[in-house]
Structures are given as structure tokens and as C-alpha cells.
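Colleague: I've got the model open and would like to learn how to read its features. Can you walk me through them?

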Amino acid sequence: MLERPGLTLIDRAIIINADDFGITHSTNQAIAELFENDSITSSSLMVPCAAANEVPELCAMNHKIKVGIHLTLTSTENYSLKPVFQEYNLGSLVTDEGFFPKILYLSRRMQIPFR
């Protein structure tokens, strides 16, 4: 893996990742600019976000952009992300709407807030 970018086994590399690609239009523009300026080496796309559909076009316009997937498993009340998987109900894992419950049941006696 190290030899592909021209490194040896004793070389050290740093990866600078820009998180949350796709969360907003302005975030997408900032991340694209960071790639253009060689300020970051990778990014991770939050697929259920509102501006995620812009990212493939940005990638097509700039081949420097390297993108992975940011697994989005939770949501906040202020910024509600829709679940990606909605094919069928997952029973006790998520609510009927596809979100993790606000209360995590560890046992029948103990409840803790899910954050």
C-alpha cells in the first residue's frame, strides 16, 4: 500500500481528511477548494445529507478529489438526517421511522439517554 504513492516501508505519511462532505452547499465548496489547493488528501461523504447530490459533479470536475463514505448512524434534533436504509423495518434496532431511539435500553431495568 505504501509503495503505490512512492513511499518505502520506513517512510511516514499523513492523511488530512475533511469530514462531512455533502452536509451543505458551502461545505462542499470549501472541501472542493481545499482539494484544489492540495490542503487535504481525502474527504468522507455523508450520503443522507441535503447537499450530497452535488458531490459527484464536483468529483467529475476535479480529479484531485478523493472521497470515501461517512457512515451516518445518528441524527440530531436540530439537523434531522433521513435514514439511508428504509427497505423494511429493522425491529428493535431502530424506530418505525428508521432512526435510532432516543433511549438506549441496556437491560429491562436500566435506561440511558442515547447521544
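Predicted model: local features only at pLDDT ≥ 70, side-chain atom pairs only at ≥ 80, totals over all residues.

Colleague: In what sense do strand 2 and strand 3 pair, and over how many bridges?

Modeller: In general, strands of a sheet pair through backbone hydrogen bonds, either parallel or antiparallel. Here strand 2 and strand 3 pair in the parallel sense, over 3 bridges. Pairing takes at least two DSSP bridges between two strands; strands themselves are DSSP runs of E, at least two residues, and helices are runs of H or I, at least four, numbered from the N terminus.

Colleague: In what order do the strands of the sheet come?

Modeller: The order is 1-2-3, in an open sheet of 3 strands with parallel pairing. Strand 1 and strand 3 (67-69) are the edges, each pairing on one side only. From one strand to the next, the twist averages 30 degrees.

Colleague: Which strands does helix 1 lie across?

Modeller: Helix 1 lies across strand 1 and strand 2, and runs at about 155 degrees to strand 1. Contact means heavy atoms within 4.5 Å. Axes are lines fitted to C-alpha atoms, for helices over the stretch in contact, with angles from 0 to 180 degrees between N-to-C directions.

Colleague: What is the phi of Asp 20, and of Asp 38?

Modeller: Most residues other than glycine have a negative phi. Asp 20, in strand 1 (residues 17-21), has a positive phi of about 70 degrees. For Asp 38, phi is also positive, near 55 degrees; this residue sits in the loop between helix 1 (25-36) and strand 2 (42-45).

Colleague: Is Asp 38 buried or exposed?

Modeller: Exposed, at 57% relative accessible area, whereas Asp 20 is partly exposed at 24%. The cut-offs are under 20% for buried and over 50% for exposed, with partly exposed in between (1.4 Å probe, protein chains only). In that loop between helix 1 and strand 2 you'll also find Asn 37, partly exposed at 48%.

Colleague: How far apart in space are Asn 37 and Lys 64?

Modeller: They are 9.7 Å apart, C-alpha to C-alpha, and 27 residues apart in sequence.

Conventions:
Residues numbered from 1 in each chain as written. Heavy atoms only, no water.
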